[in-house]
Amino acid sequence: MAGITGEEIALIIVVLVGLFAALRVAVENNTLRKLPYLNVLSFAIAAAIALLIRHPLALLAAAAFFVGSTLESNAIASTFAGGSTEDD
Amino acid sequence: MLDVIARILAASLVSWLLFITIDVLFKLPEKGGVSGATAIGRSIEEEGGALHGGYMMGNIVCSPDASAGTLLAACGVYIAGIPGGLAAALLVYLGNRICHDPGYAGTTGAILATFVVFGFTQVGFGAEEFIAGMVLAILTIQGLSHTGASRLLATLWGWRA
């Protein structure tokens, strides 16, 4: 482990959390209850994008990925709830 | 190596306190912002959790909240300092509007987190430690025990309400 940088330690932690969240998504049977685990996975992927590519456009990529993933979860959950309501 | 891990854990605690405080102040546990968030809250309640904590977890899933704001602001500061963090806040603002979120928890969280993360980078922390810290912080709410997390959030909401 000699010579490992702080960035690499951060990346290892992020990847381990992402793998754990992916496992929870796969194991959980209830679709609505999968979504918070998927949320953790999206956090880990967005974090990994920024840690792996330290470039201004990587911030755009991480945000675009995260917002897109959130919107998909929103759509799946709202479909399970029976579609949009007047509050939406 | 242990010092880096200790700083990541400290950054995680700071991020956790920041996003939970902002989300509770912005009333995320009060009700689901969209029907999907309400459905997730009810599903967590069926599992044995607390309804208002579930609503907050549903809201976190359905639109970028202060936790997402903190993560993206940390990424922004890591890449380009304060301007990067503020650019992340703008992206979170656009993300909120895309997700039909009527609130400003995400944008507020991103702006505050930009200055918090930048402040900590001035005293020996690295912005990457906040990126990993925020991923660990969201894991404790959304990824370990929905029942336990929702009860904790409902207790905090009880103090606020």
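Angles over 145 degrees between the N-to-C directions of two helices count as roughly antiparallel. In this predicted model, helix 4 (residues 66–98) and helix 6 (residues 127–143) of chain B pack at about 160°, and they are therefore roughly antiparallel to each other. Chain B has seven helices and zero strands, while chain A has three helices and zero strands. The contact between the chains takes 49 residues from chain B and 47 residues from chain A.

**Chain A**

- From the N terminus on, the elements of chain A run α-α-α.
- The radius of gyration of chain A is 16 Å, whereas a compact globule of 88 residues would have one near 12 Å.
- The C-alpha trace of chain A spans about 55 × 30 × 15 Å along its principal axes.

**Chain B**

- The pattern of chain B along the sequence is α-α-α-α-α-α-α.
- Chain B has a radius of gyration of 15 Å, which agrees with the value near 15 Å for a compact globule of 161 residues.
- Along its principal axes, the C-alpha trace of chain B spans about 45 × 35 × 25 Å.
- Helix 1 (residues 2–25) of chain B has 24 residues and reaches 35 Å from its first C-alpha to its last, close to the 34 Å expected at 1.5 Å a residue.

**Helix 4 against helix 6 in chain B**

- The axes of helix 4 and helix 6 of chain B are 8 Å apart, and the crossing of the two helices is left-handed.
- On the helix 4 side of chain B, the contact is made by Ser67(B), Thr70(B), Leu71(B), Ala74(B), Cys75(B), Val77(B) and Tyr78(B).
- These residues meet Ala127(B), Glu128(B), Phe130(B), Ile131(B), Met134(B), Ala137(B) and Ile138(B) in helix 6 of chain B.
- By class, the contact of helix 4 with helix 6 of chain B has 11 nonpolar, two polar and one charged residues.

**Helix 1 against helix 6 in chain B**

- Helix 1 and helix 6 of chain B pack with their axes 7 Å apart, at an angle of about 60°.
- That angle makes helix 1 of chain B oblique to helix 6 of chain B, and their crossing is right-handed.
- Helix 1 of chain B contributes Val4(B), Arg7(B), Ile8(B), Ala11(B), Ser12(B), Ser15(B), Trp16(B) and Phe19(B).
- Their partners in helix 6 of chain B include Glu129(B), Phe130(B), Gly133(B), Met134(B), Ala137(B) and Thr140(B).
- The contact of helix 1 with helix 6 of chain B has 10 nonpolar, four polar and two charged residues.
- Phe130(B), Met134(B) and Ala137(B) of helix 6 meet residues of helix 4 and also residues of helix 1.

**Between the chains**

- On the side of chain B that touches chain A, helix 1, helix 2 (35–46), helix 3, helix 4 and helix 6 each supply at least two residues.
- Helix 4 of chain B gives the largest share of that side, 14 residues.
- By class, the side of chain B that touches chain A has 32 nonpolar, 14 polar and three charged residues.
- The axes of helix 3 (residues 56–80) of chain A and helix 3 (residues 51–62) of chain B come within 7 Å and cross at roughly 125°, which makes these helices oblique.
- In this crossing, Thr70(A), Ser73(A), Asn74(A) and Ala77(A) meet Gly58(B), Val61(B) and Cys62(B).
- The contact of helix 3 of chain A with helix 3 of chain B has three nonpolar, four polar and no charged residues.

Conventions:
Residues are numbered from 1 along each chain as its sequence is written. Chains are lettered from A and ligands numbered from 1 in the order in which they are written. This is a predicted model: local features need pLDDT of at least 70, side-chain atom pairs count only at pLDDT 80 or more; totals for chains, interfaces and linings use all residues. Axes are lines fitted to C-alpha atoms, for helices over the stretch in contact, and angles run from 0 to 180 degrees between N-to-C directions. Helices (H or I, at least four residues) and strands (E, at least two) are DSSP runs, numbered from the N terminus. Angles under 35 degrees count as roughly parallel, over 145 as roughly antiparallel, 65 to 115 as roughly perpendicular and the rest as oblique. A crossing is left-handed if the near helix is turned anticlockwise from the far one by less than a right angle, and right-handed if clockwise. Two residues are in contact if their C-beta atoms, placed from the backbone, lie within 7 Å. Ala, Val, Leu, Ile, Met, Phe, Trp, Tyr, Cys and Pro count as nonpolar, Asp, Glu, Lys and Arg as charged, and the others, Gly among them, as polar. The expected span of a helix is 1.5 Å times one less than its number of residues. The radius of gyration is taken over C-alpha atoms; the globule rule is 2.2 Å times the number of residues to the power 0.38.
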